[in-house]
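Work through the exercises below with the sequence and the structure open. Each task is followed by a solution in steps.

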Amino acid sequence: MNPFPAISVNDDDLKYPSPPSPGNSDRESEDRAKKNKALFLDRDGVVIDYIPYLSKPEQVSIPAGAAAALKQWQDAGYLLIIITNQSGLARGYFTWDDLAAIHGRMIEEYRQLGVHFHDLAICPHHPDEGCLCRKPSPYLLLTAAHQYGIDLAGSLFIGDAPSDLECALEAGCQPVLLLTGRGKVTLGEIEKYPVEIPVYGQLKETVELLSKTAAEIEL
C-alpha cells in the first residue's frame with residue numbers, strides 16, 4: 001500500500017469528502033505568514049524519469065541534479081509533496097504492492113541524498129470513473145493544504161503535463177513547467193493559460209526561483 005496514506009485515496013474509498021476551499025477572511029490573511037509553503041511535484045517526468053505506466057522498482061531513475069535541487073527547496077523551508085495520477089492501478093497494469101515497491105525505491109534513493117518527501121498523494125482511478133481526485137482536479141492539493149496548513153498562494157507545483165498546470169491554477173498556486181517527460185508537448189499549449197508560467201528544461205534549474213521575490217513569480 002501507499003506509504004503515505006494520509007491524503008491519498010484508494011479503491012476502497014466509498015466517498016470523497018470535499019476539502020475546504022481557500023478562504024479570504026481577514027483572519028486567514030493575518031495567519032498567512034504563519035502557514036507552511038509547499039513544493040508540489042508531479043512524479044513521472046519530474047521526480048523520476050518518465051516511463052509510461054512504470055510498473056517495477058528497478059525502472060526508477062532519478063534525473064540528474066534532481067536530488068540536489070529538491071534538497072535546496074527543502075532547506076529553503078518548502079514541504080515536498082508528490083501529487084500523482086496512477087491510472088495504471090485501475091487499468092490493471094500494476095498493483096498497490098507494485099506501487100509501494102516503486103515508491104519505496106524512489107523514497108530511499110532520495111533519502112540517501114538528504115531529500116525527505118512530506119507526503120505522496122495518489123489518484124488511482126481510471127479517467128472514465130469521474131473521481132474527484134484525478135488531476136487537473138485540485139482536490140489533492142486542497143486536501144494537503146488543509147491537512148498541513150499550507151499557504152497555496154505561496155506554494156508552487158512543478159509538472160510536465162497540462163493536468164499539472166491546470167491543477168495548480170485551480171488550487172491557486174504557481175505552476176511551473178518542466179520540458180522533461182511530456183513537457184515539450186505541453187509547451188505547445190502554454191499560451192492558452194491566463195498567467196505566465198515559468199519553463200525549465202530540468203528540475204535542477206528550478207532553484208532559480210528561490211532567488212526571485214514572491215512578486216516576481218506570483219500569480
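**Exercise 1: a helix and its buried side**

Helix α4 (residues 96-111) has 16 residues, and at 1.5 Å a residue it should span 22 Å; the C-alpha atoms at its ends are 22 Å apart, which agrees. The expected span is 1.5 Å times one less than the number of residues. Helices (H or I, at least four residues) and strands (E, at least two) are DSSP runs, numbered from the N terminus. The model is a predicted one, in which local features need pLDDT of at least 70 and side-chain atom pairs count only at pLDDT 80 or more, while totals for chains, interfaces and linings use all residues. Residues are numbered from 1 along each chain as its sequence is written, and side-chain values use heavy atoms, with hydrogens and water left out.

Task: find which residues of α4 are buried, and what covers them.

Solution. 
- Step 1. Take buried as under 20% relative accessible area, exposed as over 50% and partly exposed as in between (1.4 Å probe, protein chains only). The buried residues of α4 are then W96, L99, I102, H103, M106 and Y110.
- Step 2. These residues cover an arc of only 120 degrees around the axis, which puts them on the same side of α4. The arc is taken from the directions that lead from the helix axis to the C-beta atoms. An α-helix has 3.6 residues a turn, so residues three or four places apart point the same way.
- Step 3. With contact meaning heavy atoms within 4.5 Å, the cover over the buried residues of α4 includes α2 (66-75), β2 (78-85), α3 (88-91) and β3 (119-123).

**Exercise 2: the cores**

Task: state how many residues the largest nonpolar core has, and which residues V47 touches.

Solution. 
- Step 1. A nonpolar core is a set of buried Ala, Val, Leu, Ile, Met, Phe, Trp, Tyr and Cys residues joined through side-chain atoms within 4.5 Å. The largest has 34 residues, and those with the most contacts inside it are L39, L41, V47, L70, Y110 and F117.
- Step 2. At least two residues of this core come from each of β1 (37-41), α2, β2, α4, β3, β4 (156-159) and β5 (174-178).
- Step 3. Not counting residues up to four places away in sequence, V47 touches L41, D42, I62, P63, I82, M106, Y110 and F117.

**Exercise 3: a buried aspartate**

Task: is D164 buried or exposed, and what is it in contact with?

Solution. 
- Step 1. D164 lies in helix α6 (residues 162-171).
- Step 2. Its relative accessible area is 1%, so D164 is buried.
- Step 3. Neighbours within four places in sequence aside, D164 is in contact with D42, K135, F157 and G159.

**Exercise 4: backbone exceptions**

Task: which residues does a cis peptide bond join, and where is Y53?

Solution. 
- Step 1. Most residues other than glycine have a negative phi, and most peptide bonds are trans.
- Step 2. The cis peptide bond joins K135 and P136, with omega about 20 degrees. P136 is in the loop between β3 and α5 (139-148).
- Step 3. Y53 is in the loop between β1 and α2. Although not a glycine, Y53 has a positive phi of about 50 degrees. Y53 counts as partly exposed because its relative accessibility is 40%.
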